[in-house]
Amino acid sequence: WEKHVRDGEARSPATHRDSVHRDPAHRGSVAQHAHGIDRATGIVLLCALGMLIGGIFSPAIEVGTFFFTSSYSILDGVLAFFEQGNYGLAVILLVFSVGFPVAKILFCVFVWWFTTPDQTWATRSIRTLAGLSKWSMLDVFLVAVMILVLEGSVLTTSDVHLGLFLFAGAVVLSTYGARRVSLVLEQIRES
């Protein structure tokens with residue numbers, strides 16, 4: 001307000017925000033400002049969401065002993081940890097393999113298609129999410145450790161299945177998508 005009064009303008013901060021919002025450079029969604037390969041970012045994020053859902057529910061690992069084999073999805077692994085009383089591991093796996101990735105992708109999709117570039121909270125939030133994305137690989141690490149432990153047993157065999165590959169692909173695509181949304185927002189703000 002003080003800056004506007006000093007400059008001889010009698011506009012309140014709210015009025016100034018409204019005029020910035022009406023600025024043609026800031027109209028439309030973030031997606032409408034993307035150029036080149038970045039135009040596919042929304043589709044990449046939707047593919048990541050589909051792969052994530054498939055990865056959570058599809059068999060990720062098959063464990064065999066003698067004549068019996070059992071397949072487990074990531075969600076089955078979370079439930080098994082709960083049933084065995086390993087609540088800490090179950091919560092960590094649930095948060096980092098289901099909650100955080102789903103929330104990250106949905107938030108990125110929301111920012112991409114439903115926010116305008118002048119919303120600074122979106123830029124800060126996306127930048128933070130892009131930095132936190134590496135933590136969603138924690139569950140892939142846990143599954144890998146589980147496989148190594150099971151392979152170490154003489155009487156047990158284990159194999160990875162489609163669910164793990166879908167999940168890992170979703171993590172990579174969503175990390176890429178979050179980074180692209182962040183970069184497009186930065187490019188728009190700089191122009």
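User: Leaving aside neighbours within four places in sequence, which residues is Val111 in contact with?

Analyst: This is a predicted model: local features need pLDDT of at least 70, side-chain atom pairs count only at pLDDT 80 or more, and totals for chains, interfaces and linings use all residues. Residues are numbered from 1 along each chain as its sequence is written, and side-chain values use heavy atoms, with hydrogens and water left out. Contact means heavy atoms within 4.5 Å. With neighbours within four places set aside, Val111 contacts Val30, Ala122, Ile126, Val181 and Leu185.

User: Which residues touch the most other members of the largest nonpolar core?

Analyst: A nonpolar core is a set of buried Ala, Val, Leu, Ile, Met, Phe, Trp, Tyr and Cys residues joined through side-chain atoms within 4.5 Å. Buried means under 20% relative accessible area, exposed over 50%, and partly exposed in between (1.4 Å probe, protein chains only). The largest core has 27 residues, and those touching the most other members are Val30, Val111, Trp112 and Val181.

User: Which helix supplies the largest share of this core?

Analyst: Helices (H or I, at least four residues) and strands (E, at least two) are DSSP runs, numbered from the N terminus. Of the 27 residues in the largest nonpolar core, at least two each come from helix 3, helix 5, helix 6 (120–132) and helix 8. The largest share is nine residues, and it comes from helix 8.

User: Where do the buried residues of helix 3 pack?

Analyst: Helix 3 has 17 residues and reaches 25 Å from first C-alpha to last, close to the 24 Å expected at 1.5 Å a residue. That expected span is 1.5 Å times one less than the number of residues. Its buried residues include Val44, Leu45, Leu49 and Leu52. The buried residues of helix 3 pack against strand 2 (68–73), helix 4 (74–83), helix 5 (87–114) and helix 8.

User: What separates the C-alpha atoms of Leu45 and Ala178?

Analyst: Leu45 lies in helix 3 and is buried, with a relative accessible area of 0%. Not counting residues up to four places away in sequence, Leu45 touches Ile105, Cys108, Val109, Ser174, Gly177, Ala178 and Val181. Leu45 and Ala178 are 133 residues apart along the chain, yet their C-alpha atoms are separated by 8.1 Å.

User: Is Ser29 buried or exposed?

Analyst: Ser29 sits in the loop between helix 2 and helix 3. Beyond its neighbours within four places in sequence, Ser29 contacts Trp112, Trp113, Phe114, Thr115 and Pro117. With a relative accessible area of 11%, Ser29 is buried.

User: Which helix gives the most to the nonpolar patch?

Analyst: Patches are made of residues with over 30% relative accessible area and no salt bridge: like charges are joined within 9 Å, nonpolar side chains (Val, Leu, Ile, Met, Phe, Trp, Tyr) within 5 Å. Areas come from the Shrake-Rupley method with a 1.4 Å probe; for residues, only the protein chains shown count as cover. Ile43, Leu46, Phe110, Trp113, Phe114 and Trp121 make a nonpolar surface patch of about 610 Å². Three residues, the most, come from helix 5.

Note on methods: Salt bridge = Lys/Arg side-chain N within 4 Å of Asp/Glu carboxyl O.
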